[in-house]
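My notes follow in the order in which I went through them.

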Amino acid sequence: MTEALRLADREGVHGLSMRRLASALGAGAMSLYHYVANKEQLLDAMIDIVFEEIELPPEQTDWQSAMRRRAVSARRVLACHPWAIALMESRTSPGPANLRHREAVTACLRRAGFSVLMATHANWLLDSYVYGFALQEASLPFDTADELADMTEDVFLPQLPPDEFPYLNESAAALVAAGYDPAEEFIFGLDLILAALEPLRDSA
């Protein structure tokens, strides 16, 4: 399964096939069917490993800190496995790590005082934010704040004449001068969501 993840991380899930995996393992394709019946079972197992890598919300802390740690961990794991973002919610045969993860998240929210429905709302909102941010982050044409600054000065600013795009030009120049790092947006947005959910804990 480790080799399947390596292939997907390197080439994307669309480049993964039973034949391609067998070749990477130096085995016959038919030998893989002793372990998984088809590609869907292979994907189920791969997604379960991804869930296993995400930190569960710790029980010994308050719910916001626990869900923040879980969200930060999920973002970090999905950055390593960007192919998994679109598959995290698609599995109809979830593995044990997947189920343990969902149980732990639900337990954290329910113990915090959220009703069943409100815990479901909170879970959907947080997952949508994490997956959406991870997807957007994976598609950015830069990896670091320094690369963004170079790209802004060399590529973006020349396309933003001040007389035509005064606010975009102002923003781009100011953010470069401030050493803006878009990676910091994740915690900013996450904390806003957690703060907005706090008053809803006792709404049952």
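I began with Glu-52, which has a relative accessibility of 48% and so counts as partly exposed; I keep in mind throughout that the model is predicted. I then looked for its partner and found that the side chains of Glu-52 and Arg-100 meet in a salt bridge, at 2.8 Å from N to O. Because Glu-52 lies in helix α4 and Arg-100 in helix α6, this pair ties together parts that are 48 residues apart in sequence. Arg-100, at 44% relative accessibility, is partly exposed.

Next I turned to Arg-102 and Glu-89, whose side chains form a salt bridge at 3.2 Å, N to O. Arg-102 belongs to helix α6 and Glu-89 to the loop between α5 and α6, so the parts tied together here are 13 residues apart in sequence. I also noted a network in which salt bridges with shared partners join Glu-40, Asp-44 and Arg-91.

In helix α1 I checked Glu-3 and Arg-6, which meet in a salt bridge of 3.1 Å, N to O, and which, being 3 residues apart, are separated by about one helical turn. Glu-3 is buried at 18%, whereas Arg-6 is partly exposed at 47%. My search of the whole structure gave 11 salt bridges.

Definitions and conventions:
Residues are numbered from 1 along each chain as its sequence is written. This is a predicted model: local features need pLDDT of at least 70, side-chain atom pairs count only at pLDDT 80 or more; totals for chains, interfaces and linings use all residues. Side-chain values use heavy atoms; hydrogens and water are left out. A salt bridge is a side-chain nitrogen of Lys or Arg within 4 Å of a carboxyl oxygen of Asp or Glu. Helices (H or I, at least four residues) and strands (E, at least two) are DSSP runs, numbered from the N terminus. Buried means under 20% relative accessible area, exposed over 50%, partly exposed in between (1.4 Å probe, protein chains only).
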